[in-house]
Each structure stands twice: as structure tokens, then as C-alpha cells.
Amino acid sequence: MNKKSYDVIVVGGGPSGSTAAYYLSRNKKLNILILDRCNFPRHKSCGGLLNHLKELKSFENYNLIKNELKTQPSNTIKFYWDTKEAFSRTYKALFNQVDRIEFDNLLIKEALKKPNVSFKKFNVSKIEEEKEGFILYDGKDQIKGKYLVGADGCYSNISKFLGNKRRDKKEYALCVEHELICDKKDLSTHIFYFYKKEIGYSWLIPSIKGYYCGLGIVGDSKKDILKYLDDFLKHCKKINLIPNKYRIKRTFGAPDPISIAKNYATDKIVLCGDALGTVKQATG
């Protein structure tokens with residue numbers, strides 16, 4: 001049993017959780033623990049697009065890793081309505097595609113360089129509130145903390161503890177994606193809205209080693225989402241966006257929240273990232 005008590009426990013070690021821990025560490029009196037159900041580096045289902053925004057450059061921890069981070073720039077975006085091209089535009093700088101294994105690992109490493117931040121693999125299954133804070137359980141162990149940061153994704157246990165219901169099918173997009181290894185024909189980002197008349201969108205994003213080809217659908221779909229993904233991949237090949245020869249390295253999926261949690265903060269708990277629902281609706 002872990003009898004040590006922490007000032008702040010950050011549940012979830014992705015970008016929002018590791019960034020929260022990084023900035024909290026400025027208060028050297030705080031003892032901060034990051035919990036995650038996985039050890040790092042680990043894969044995260046995501047297209048991996050970083051916007052070229054002033055807000056991104058304002059994050060100190062991002063500036064510390066950006067020169068080490070491998071990226072694939074994409075400065076042209078093309079929009080489609082179902083399968084028909086509707087609009088395109090080129091910018092001086094638009095997106096950088098990153099590998100989430102590398103990106104997330106670099107960010108959490110920066111947080112863990114701080115002497116008052118530590119990490120533990122721990123899958124939170126139960127939370128109890130007590131006078132001095134909270135007790136978190138994983139079925140075998142328990143950890144105490146005075147304050148909680150919920151950065152544990154779309155199906156956040158911290159969000160559930162705050163009284164939020166599990167998001168229903170209209171409050172998230174179910175997303176699936178192929179990682180393609182191949183030569184690149186085009187460095188544009190392609191976004192297909194309402195592909196096959198489904199509510200959601202599909203994407204083809206250039207990566208360092210090829211492309212990320214994926215789609216997300218809100219609510220019930222007319223057929224299995226993986227069949228839509230394979231159909232979309234064939235369509236990209238048909239209209240000459242990808243080469244004839246490619247290898248699917250892996251296929252993965254995840255829920256993508258499209259609603260903000262109703263209860264997101266108390267005087268001792270705050271949600272962030274996917275647990276809160278802060279996904280950019282235009283790009284996912």
C-alpha cells in the first residue's frame with residue numbers, strides 16, 4: 001500500500017496532464033504525482049496535428065521539446081463535402097503532424113525533470129473523498145491526494161466522480177485510423193465532411209513515414225465503422241491521393257469528445273483535456 005500523501009494528483013499523463021504537472025511544479029512546495037494506466041512511451045490514438053498557433057508557442061514545455069520533436073509540415077488544407085472537393089487554401093504555416101508516442105513522451109519527460117513531480121503506473125478504479133482530500137484505488141493499491149487534476153480522457157473517472165454522466169453517442173465521435181507506411185504523393189491535409197452522408201468527417205494527413213487515414217462518426221452509423229474506414233482508404237487511392245503501394249502499420253481507435261463536461265471544477269478538482277472536452281471542432 002502506498003501510504004504517502006501528495007498535494008496534487010494528476011490523473012492522466014497525456015499532453016494536458018503533463019502540462020498541468022509541469023506548471024504546477026513552479027510552486028516548489030507542492031508534491032505532485034502523475035498517474036496513468038500505461039507506462040511511457042505509449043501509443044495514443046490520434047491524427048497528431050499541431051496547429052501553428054501563438055498559443056502553442058506560449059507553452060514553455062512545448063518550447064523545450066520542439067527542436068527534438070520530429071514533425072511533418074502540412075501547409076495546404078483541402079475540404080470536401082462527402083466526396084466532392086469544395087475548398088482549399090495554402091498558408092505560410094498551418095500544421096505539423098507529430099507521432100503521439102514521441103510527443104507525449106517528450107512532454108511527460110519535461111514534467112518529470114522537476115524535482116517535485118513523480119510518476120506511477122496506476123489505473124484509477126475508485127475514488128473516495130475524505131476530510132483532507134481524496135483516496136484513489138486501483139484494486140490493489142491506494143494513494144492519497146489533497147487536490148485532483150482529471151486529465152484521464154473521454155471516459156474520465158474523475159469526471160464521473162464529479163457527477164457527470166458517461167457521454168452518450170451524440171456527445172463524442174468514435175474515431176478509427178490506419179497508419180500507412182508509404183511514399184507521399186502530396187503534403188496537403190485532406191478533410192472530408194459527412195463522408196457517405198454520415199455525421200462526422202474523414203481525414204488524410206501526411207506523416208513522416210506516410211499518411212494517417214482516419215474517420216470519426218457521431219452517433220449510430222449505417223454500417224461498421226471499420227468498413228467505412230476501409231472504404232475511405234480505397235477512395236483516397238481511387239482519386240490518387242495515396243500511392244498504389246502502401247503498408248498498414250497499425251489500425252487504432254478512440255472516442256473524441258464533442259461536448260464540454262457539465263461539472264468541470266470544484267475547489268479541489270479540475271478537469272482538462274479530453275476529460276473536460278476541449279477538442280477543436282473544426283479539426284478534431
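## Cavities

A cavity is a set of grid points where a 1.4 Å probe fits but cannot get out, and its lining residues have an atom within 4 Å of a point. In this predicted model, a search of the whole structure finds two cavities of 30 Å³ or more. The largest cavity holds about 60 Å³ of space. Its lining consists of Y195, E198, I199, G200, Y201, S202, L215, G216, I217 and Y228. Two elements, β12 (200–206) and β13 (210–218), each give two or more residues to this lining. By class, six of the lining residues are nonpolar, three are polar and one is charged.

The second largest cavity contains about 30 Å³ of space. The residues around this space are H43, K44, C46, V98, D99, R100, I101 and Y212. Four residues of this lining are nonpolar, one is polar and three are charged.

## The second largest pocket

The second largest pocket has a volume of about 320 Å³. It is lined by 17 residues, and those closest to its centre are S159, N164, K165, R166 and R167. The lining of this pocket divides into four nonpolar, seven polar and six charged residues.

## Backbone features in loops

P41 sits in the loop that runs between β2 (32–36) and β3 (49–51).

Two residues other than glycine have a positive phi. For D82, phi is near 60°, and for K196 the value is about 55°. D82 belongs to the loop between β4 (71–81) and β5 (84–98). K196 is in the loop between β11 (189–193) and β12. Are these residues buried, partly exposed or exposed? D82 counts as buried because its relative accessible area is 12%, and buried means under 20%. K196 has a relative accessible area of 36%, so it is classed as partly exposed.

Helix α1 covers residues 15–24, and its buried residues are G17, S18, T19, A20, A21 and Y22. What covers these buried residues? The cover includes the strands β1 (5–11), β2, β6 (117–121) and β9 (142–150). The helices α3 (60–65) and α4 (100–112) are also part of the cover.

## Cysteines

A disulfide is a covalent bond between the sulfur atoms of two cysteines. How many disulfides does the model have? The count comes to zero, under a rule that asks for a pair of cysteine sulfur atoms within 2.5 Å.

Key. Residues numbered from 1 in each chain as written. Predicted model: local features only at pLDDT ≥ 70, side-chain atom pairs only at ≥ 80, totals over all residues. Heavy atoms only, no water. 1 Å grid on protein atoms, 1.4 Å probe; cavity = no way out; pocket = protein on both sides within 12 Å on 5 of 7 lines; lining within 4 Å. Points joined across faces, edges and corners; volume = space filled by probe spheres on them. Helix = DSSP H or I, 4+ residues; strand = E, 2+ residues; numbered from the N terminus. Nonpolar A, V, L, I, M, F, W, Y, C, P; charged D, E, K, R; others polar. Buried < 20%, exposed > 50% of the residue type's maximum accessible area, 1.4 Å probe, protein only. Contact = heavy atoms within 4.5 Å.
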